[in-house]
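Hi there,

Here is the structure I promised to pass on to you. Have a look at it first, and then read on for my notes.

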Amino acid sequence: MTKTAAAMPSKILIAGFQALSDPLRLRVLDLLREEECCVCDLCEVLAVSQSKLSFHLKSLKEAQLVQTRQEGRWIYYRLNLVQFEVLQEYLGDFGQLGQVVAARQCCE
């Protein structure tokens with residue numbers, strides 16, 4: 001086993017990719033590309049209940065893909081670009097790989 005194979009992705013990296021695996025969360029992130037949004041606006045645009053959206057926003061927040069700020073009783077969400085850079089860097093490392101060497105023949 002090589003050093004690379006032994007290195008496990010961090011929990012936050014795994015959480016980031018898991019958060020990106022849901023279509024509704026991707027739609028939320030697409031909306032947040034344009035501007036910071038209030039939960040009420042996201043619910044309206046996405047036509048989902050606040051409880052359903054809250055579940056997905058919690059996943060995005062735990063994965064550090066979004067940040068929040070509170071203004072009165074409203075919570076506003078925006079992208080956390082630093083975390084997207086971390087995910088992009090991780091994927092970029094795969095682009096620097098050379099040809100993959102075939103595995104040795106297994107012995108039974």
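Predicted model: local features only at pLDDT ≥ 70, side-chain atom pairs only at ≥ 80, totals over all residues.

Arg69 has Tyr76 in β3 as its bridge partner. Altogether, six bridges connect β2, residues 66-71, with β3, residues 74-79, and the two strands run antiparallel.

The link between these strands is worth a look on your screen. Two residues separate β2 from β3 in a hairpin, and Gly72 in the turn shows a positive phi of about 65°.

Zooming out, the sheet is an open one of three strands, ordered β1-β3-β2, with antiparallel pairing. Its edges are β1 (37-38) and β2, each of which pairs on one side only.

Next, the backbone angles. Most residues other than glycine have a negative phi. Ala47 is not a glycine, yet its phi is positive, near 55°. You will find Ala47 in the loop between α4 and α5, the latter spanning 50-62. Ala47 has a relative accessible area of 68%, and because the cut-off for exposed is over 50%, Ala47 counts as exposed.

The other one is Gln64, again a residue other than glycine, with a positive phi of about 60°. Gln64 sits in the loop that leads from α5 to β2. With a relative accessible area of 40%, Gln64 is partly exposed, because this value falls between the 20% limit for buried and the 50% limit for exposed.

Last, the surface. Which residues form a negative patch there? They are Glu34, Glu35, Asp41 and Glu44. Of these, I followed up Asp41, which is part of helix α4, residues 39-46. Is Asp41 buried, partly exposed or exposed? Its relative accessibility is 40%, so Asp41 counts as partly exposed.

- the Arg69 and Tyr76 bridge pair
- Gly72 in the hairpin turn
- Ala47, with its positive phi
- Gln64, with its positive phi
- the negative patch that includes Asp41

Best wishes

How values were computed:
Residues numbered from 1 in each chain as written. Heavy atoms only, no water. Pairing = 2+ DSSP bridges. Helix = DSSP H or I, 4+ residues; strand = E, 2+ residues; numbered from the N terminus. Patch = residues over 30% accessible without salt bridge, like charges linked within 9 Å, V, L, I, M, F, W, Y side chains within 5 Å. Areas by Shrake-Rupley, 256 points an atom, 1.4 Å probe, with all protein chains shown as cover. Salt bridge = Lys/Arg side-chain N within 4 Å of Asp/Glu carboxyl O. Lys, Arg positive; Asp, Glu negative; His and termini not counted. Charge placed at Lys NZ, Arg CZ, Asp CG, Glu CD. Buried < 20%, exposed > 50% of the residue type's maximum accessible area, 1.4 Å probe, protein only.
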